[in-house]
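Me: I have a complex on my screen and would like to talk through how its two chains meet. Could you walk me through the terms as we go?

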Amino acid sequence: MVTLKQFNEDQVIYRTEGKVIYRDGDTILKVFDESFTKSDILNEALNQARVEETGLKVPRILEVLKIEDHWAIRSDFIPGKTLETLMKESPEKEDAYLERFVDIQIEIFSHEAALLNVLKEKMRRRIDQSSFDATTRYELQTRLAALPTHKKICHGDFNPSNIIITPEDEAYVIDWSHVTQGNASADAALTYMLFHLAGRPDLAQKYLKLFCLKTDTARQYVQRWMPIVAASQSTKNKPEEREFLHRWVDVADYQ
Amino acid sequence: MSEKKYPVVDRLEALKKRLKAVREAQAIYAEYSQEEVDKIFLAAATAANQARLPLAKLAVEETGMGVVEDKVIKNNYAAEYIYNAYRNTKTCGVISEDKSAGYKVLAEPLGVVAAVIPTTNPTSTAIFKILISLKTRNGVFISPHPRARKCTIEATKIVLEAAVAAGAPENIVGWIDIPSLDMTHYLMSESDVILATGGPGMVKAAYSSGKPAIGVGPGNTPAIIDDSADILLAVNSIIHSKTFDNGMICASEQSVIVPESIYDEVKAEFKRRGCYFLDPEETDKVRETMIINGSLNARIVGQSAYKIAEMAGVEVPASTKILLGEVEIADDSEAFAHEKLSPVLAMYKAKDFSHALDIASQLIADGGMGHTSSVYLNERREKEKLNAFTERMKTCRILVNTPSSHGGIGDLYNFKMTPSMTLGCGSWGGNSVAENVGVKHLLNIKTVAERRENMLWFRAPEKTYIKPGCLPFALDELGTVNKRERAFVVTDEFLYKNGYTKQIEEKLTELGIRYQVFSEVAPDPTLACARKGAEQMKHFEPDVIIALGGGSPMDAAKIMWVLYEHPEVDFMDMAMRFMDIRKRVYTFPKMGEKAYFIAIPTTSGTGSEVTPFAVITDEKTGVKYPLTDYELMPDMAVVDSDLMMNAPPSLTAASGIDAVSHALEAYASVMATDFTDGLAIKALQTIFEYLPQAYDSAVSKKPAPEAREKMANAATMAGMAFANAFLGVMHSTAHKLGAFHHIPHGIANALMMTEVLRFNAKEAPTKMGTFPQYDHPKTLARYAEIARALGEEGADDEELLEKLIAKINRLKERIGIKPAIKDYVPDEEAFMSTLDEMTEQAFDDQCTGANPRYPLMSEIKQLYLNAYYGEHKEV
């Protein structure tokens with residue numbers, strides 16, 4: 001029987017609202033609190049398992065278990081440093097890391113997993129849940145409905161902190177709790193926004209340029225998703241992001 | 001304002017119920033007369049017009065966009081101009097009729113129109129869409145934009161109530177009170193047609209709904225001011241248009257492109273009229289305010305220049321009309337290159353007009369495909385520039401010296417252009433409509449087409465000389481009437497050596513006409529031969545061509561005539577197969593501009609002297625080009641039987657039976673007329689009576705002038721018959737039989753003759769020929785008529801057909817023609833090896849088209865087999 005008492009503070013790798021991640025030998029344990037429903041956790045494990053089965057380099061799901069009252073997911077521990085850390089440690093290599101970052105995302109887009117949640121559906125729900133007025137939501141839904149429905153794997157939180165580079169220089173992508181299938185440009189728009197929210201508009205610009213260049217995508221094509229991903233992000237209700245996201249959302253269709 | 005209460009449509013269930021009511025009302029309205037509809041149309045337009053000011057105020061109050069005074073104009077326009085444009089338009093029942101052509105067009109409603117209304121013109125577009133729906137007896141269901149729902153619904157109610165008061169069914173118009181995308185999608189998928197105005201998202205939704213959609217796309221109108229333009233007019237028109245309703249009309253100018261030479265002058269005029277030029281720093285600020293991630297900031301839409309400047313942190317006078325940003329990049333990385341839906345304008349400096357065109361094309365490609373473009377220039381002096389602009393712009397509206405907001409919607413600055421609040425952008429904009437949308441797009445058109453007979457004509461040479469010895473008299477004309485100076489005589493070696501041309505040469509000499517004789521025409525004349533003759537004509541420059549001989553010299557001379565008059569022609573084109581000579585793809589060159597054409601037959605058979613046909617063989621490929629056009633008809637035919645007195649027996653028989661085939665096929669043709677019938681029957685009667693005598697005379701070499709003369713006339717009459725009624729499968733099969741197995745043309749026809757008669761006479765053929773006059777399989781009766789005319793009697797048509805066939809067989813035997821192909825082609829294997837190819841080519845022969853029975857290839861094959869063995873099997 002695993003108990004939480006087994007783990008000491010040294011083993012905590014990461015702690016966030018409702019979740020604690022412990023190191024346990026060659027594995028990690030992601031332990032959830034009561035704010036998560038059973039289906040949330042099972043779903044996360046299932047999604048990650050689906051991604052794992054595509055052959056992408058991701059931590060393997062080892063078990064889903066209950067530790068006392070807490071649901072937990074055990075997966076491989078990936079040794080190494082996140083791309084975010086590496087970028088901070090070696091700012092001179094930032095461009096090279098960014099290029100690798102984009103390559104990894106493109107590699108993910110080259111895979112499909114037919115049973116994953118559908119990105120457009122998720123966005124539709126998020127817009128409905130958002131606190132924007134009816135007119136804005138109507139505009140957003142109209143815009144979303146006209147955007148393409150693709151089937152590429154979209155990570156859903158693709159940022160440098162979710163990529164671990166091992167000592168052997170292999171890249172693993174972690175945290176698949178937001179994964180969906182959909183249009184790559186939507187995921188790119190999201191990453192672009194995450195750079196902005198992380199206070200790095202310069203990296204955001206470089207990223208977008210690189211993404212568009214490498215995938216031969218028109219910038220406007222990615223931009224069309226920006227009000228949508230901003231509206232989706234707004235449902236996280238982070239006060240510090242509010243003004244920024246509102247500005248991104250409040251746009252009109254050309255007539 | 002409307003006081004009446006209506007059931008609220010705020011969820012799907014309510015929408016379904018209301019939509020059902022509208023559908024029921026429309027079913028009743030569909031039965032209204034034009035008079036009733038016009039009364040309703042007038043009442044609805046009048047009510048909308050009267051409410052123009054309160055509706056404008058309501059729209060500005062609710063949306064916070066635009067200018068009340070300008071919205072009044074839009075409402076007024078949508079009511080008055082739309083009414084005026086269609087007040088007398090027929091939209092109910094029969095809208096046009098041509099009794100003599102048997103052609104009638106009826107208009108019927110489509111059903112229920114789903115009308116999506118944008119925020120930018122929330123009342124005027126509603127008025128417009130309801131009015132054109134009412135005029136066309138459609139029901140209409142309005143889907144307002146949530147930002148403008150109150151004013152859109154108010155406008156809808158006002159128009160509906162006026163329509164109902166004038167007699168329209170109560171629920172003819174419906175609307176969604178609390179719009180949601182789900183309800184809009186449902187409405188679209190349940191309507192009969194969608195009139196979607198708005199952004200690309202809504203238009204896309206409309207096109208994806210599975211229902212016919214008339215959607216329009218975004219505009220990004222560039223305006224070029226050329227150095228020939230009236231600058232005062234240009235700048236002030238643009239200001240007038242761009243400030244109209246704070247720039248919210250989709251056709252409004254977004255960029256001004258000005259050549260260097262007048263740039264400063266244009267800029268000064270803008271400034272003088274209260275426009276503000278942003279400095280580089282201010283330009284950056286406005287850029288950031290205006291466009292967010294490539295999209296338009298919703299807060300600037302329909303705002304004043306002053307307000308937008310304030311939002312951007314730029315200080316400008318409160319009365320500023322337009323903010324101008326002087327920019328260089330025309331692709332959409334430049335914020336000013338986008339559609340701005342506000343009084344903000346980009347200004348580009350162009351090196352010259354051609355550079356200006358490049359900039360304008362780029363702006364359209366990136367944001368306004370198919371919508372509107374505008375140019376200011378001196379339209380009288382600069383036609384080439386205007387043409388270049390028209391050619392380059394991929395827009396459905398090209399406006400010249402016209403404010404584009406007003407110009408695009410039509411009838412304000414050009415009175416031919418359809419007034420409309422919905423502007424189609426064609427396939428460039430992903431639309432099904434490329435023009436201003438109007439009532440015609442909301443009608444189902446029924447075309448009632450009654451059966452009519454095809455027009456036919458009768459054509460022959462302007463003169464046909466007959467009677468023995470007529471030749472010199474006919475040629476006299478060349479000196480007296482026609483005044484010709486140079487004659488070119490085409491004939492074959494035999495005729496030349498035997499002195500047949502002498503009489504002609506003497507006459508020409510007597511008339512003082514210089515002449516040249518070409519006597520190298522061989523049977524089955526070749527292109528090389530025709531080219532050689534034409535080359536000599538080129539040097540000799542004749543003004544009259546005289547063809548003397550049988551079919552070959554006459555055909556060769558016709559081709560030389562073509563090559564002489566039109567050396568540029570391509571035989572492949574001229575030989576292209578056609579269904580109706582009056583509708584053929586190829587336009588035959590005009591003949592007779594250089595030379596007059598006289599045909600003098602020396603045999604009684606081909607009829608070439610009076611037909612529009614000529615056959616020529618390309619000696620290199622072996623391909624036969626059968627050319628047909630009335631341009632090839634000789635101007636004069638001289639049928640002088642003195643020239644035919646010495647025709648040998650085989651020629652007399654082959655050409656005589658050829659004439660029989662012409663008359664038989666012309667009579668059975670789907671294009672036979674009373675004119676050709678008379679000629680064909682008379683020709684047949686004559687031939688059956690005189691051909692045996694003529695043949696005997698050829699054998700015995702005792703002259704038979706009467707028989708020869710009668711045969712000459714009969715052959716020419718048969719020629720006139722088939723020159724106008726055309727031929728059939730007998731000739732299709734004979735052409736290929738002759739070509740593949742070297743059988744004289746007349747004999748080949750004789751060998752196929754009775755098989756084709758039986759084939760065509762079938763009362764229940766696999767397929768019959770297509771021609772309005774040929775209303776049922778009736779060829780058996782036609783052959784019976786021939787039999788009777790030839791003096792046969794019978795109990796019924798079948799018996800008469802058998803008697804006709806027997807009579808033909810007797811004639812063939814009498815003049816020495818053998819009964820079956822195998823008598824001419826004893827090598828059975830050789831025949832069979834060509835059978836499939838012959839069959840296919842015969843099927844595709846020009847003559848097949850006029851045959852009363854449309855043959856299958858398998859049937860033609862069987863015809864050949866039957867004719868080969870001389871044993872009839874059912875086909």
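Predicted model: local features only at pLDDT ≥ 70, side-chain atom pairs only at ≥ 80, totals over all residues.

Me: What makes R299(B) and D250(A) a salt bridge?

Reply: The closest N and O atoms of R299(B) and D250(A) are 2.7 Å apart. The cut-off is 4 Å between a side-chain nitrogen of Lys or Arg and a carboxyl oxygen of Asp or Glu, so the pair qualifies. The count between the two chains is one salt bridge, along with 12 residue pairs in polar contact.

Me: Which elements of chain A give two or more residues to the side that touches chain B?

Reply: They are α5 (134-145), α8 (219-223), α10 (239-249) and β11 (251-252). The largest share, seven residues, comes from α5(A). By class, that side of chain A has nine nonpolar, six polar and six charged residues.

Me: Why can β11(A) and β12(B) be called paired strands?

Reply: Two bridges join β11(A) to β12(B), residues 295-297 of chain B. Pairing needs at least two bridges, so these strands meet the requirement. The two run antiparallel, and V251(A) stands opposite N297(B).

Conventions
Residues numbered from 1 in each chain as written. Chains lettered and ligands numbered in written order. Heavy atoms only, no water. Polar contact = N/O pair within 3.5 Å; in protein donor to acceptor, adjacent residues only side chain to side chain. Helix = DSSP H or I, 4+ residues; strand = E, 2+ residues; numbered from the N terminus. Nonpolar A, V, L, I, M, F, W, Y, C, P; charged D, E, K, R; others polar.
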